Amino acid sequence: MKREGLSLIATATLLLLTGCGTTALAPGAADVQIVRSAADVAACTAVGNFRQPPGEFVDPRNVIVGLGGNTLFVTEQGIGIAAGTRSIVAGVAYHCPK
């Protein structure tokens, strides 16, 4: 009985850790700026929109680079224990002068 309990705990731990994996960044995605103020993108050109697909996580920086942008203006954030890019639900991709 003890072994079954330990096995169940080990399995649950592995499943939780699997969900914490990181998404590989596309080339240039690490340089994407994430802003929350419209003033930060006033001199930029909008190149597309971003929205998280329901039920999955896509790193928004990869999408922004794919759209030809270098800045993400966040328009909607999720609430809860998620942090960083995982809390971004929607935004607008911009290409800003460097």
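## Note on a predicted model with two helices and four strands

1. The side chain of D59 makes a polar contact with the side chain of R61, at 2.8 Å. D59 sits in the loop that runs between strand 2 and helix 2 (60-66). Is D59 buried or exposed? D59 is buried, with a relative accessible area of 3%; the cut-off for that word is under 20%. Apart from its neighbours within four places in sequence, D59 is in contact with T23, L25 and T85.

2. Q52 belongs to the loop between strand 2 and helix 2, and D59 is placed in the loop between strand 2 and helix 2 as well. Q52 is buried, its relative accessible area being 13%. A polar atom of the Q52 side chain lies 2.7 Å from the backbone oxygen of V58. Which residues does Q52 touch, once neighbours within four places in sequence are left aside? Q52 is in contact with F57, V58, P60, T85, I88 and V89.

3. Now the overall layout. The protein has two helices and four strands, and along the sequence they follow the pattern α-β-β-α-β-β. Of the 98 residues, 26% count as buried. The protein exposes about 6,700 Å², and carbon and sulfur atoms supply 61% of that area. Among contacts with a separation of 6 or more, 69% are between residues 24 or more positions apart.

4. The four strands form an open sheet in the order 1-3-4-2, with mixed pairing. Strand 1 and strand 2 stand at the edges, each with a single partner strand, so one side of each has no neighbour in the sheet. Direction ignored, neighbouring strands of this sheet are turned by 30 degrees against each other on average.

5. What does "mixed" cover here? Strand 1 and strand 3 (residues 71-77) run parallel and are joined by three bridges. In this pair, the bridge partner of Q33 in strand 3 is T71, and that of I34 is L72. Strand 3 and strand 4, by contrast, pair in the antiparallel sense over six bridges. Q77 stands opposite I88 in strand 4. As background for reading such a sheet, the side chains of a regular strand alternate between the two faces of the sheet.

6. F50 is found in strand 2. F50 is buried, at 4% relative accessible area. How far apart are F50 and V92, in sequence and in space? F50 and V92 are 42 residues apart in sequence, and 5.9 Å apart in space from C-alpha to C-alpha. Not counting residues up to four places away in sequence, F50 touches V58, P60, V63, I64, I88, V89, A90 and G91.

7. C44 and C96 form it, with their sulfur atoms 2.0 Å apart. C44 lies in the loop between strand 1 (33-35) and strand 2 (45-51), and C96 lies in the segment after strand 4 (88-95), so the pair ties together parts that are 52 residues apart in sequence. For a student new to the term, a disulfide is a covalent bond between the sulfur atoms of two cysteines. The link of C44 and C96 is right-handed, with 110 degrees about the S-S bond.

Definitions and conventions. Residues are numbered from 1 along each chain as its sequence is written. This is a predicted model: local features need pLDDT of at least 70, side-chain atom pairs count only at pLDDT 80 or more; totals for chains, interfaces and linings use all residues. Side-chain values use heavy atoms; hydrogens and water are left out. Buried means under 20% relative accessible area, exposed over 50%, partly exposed in between (1.4 Å probe, protein chains only). Contact means heavy atoms within 4.5 Å. Accessible areas come from the Shrake-Rupley method with a 1.4 Å probe; for residues, only the protein chains shown count as cover. A disulfide is a pair of cysteine sulfur atoms within 2.5 Å. Two strands pair if DSSP finds at least two bridges between them. Axes are lines fitted to C-alpha atoms, for helices over the stretch in contact, and angles run from 0 to 180 degrees between N-to-C directions. A polar contact is a pair of N or O atoms within 3.5 Å; within protein, one must be able to donate a hydrogen and the other to accept it, and residues adjacent in sequence count only if both atoms are side-chain atoms.
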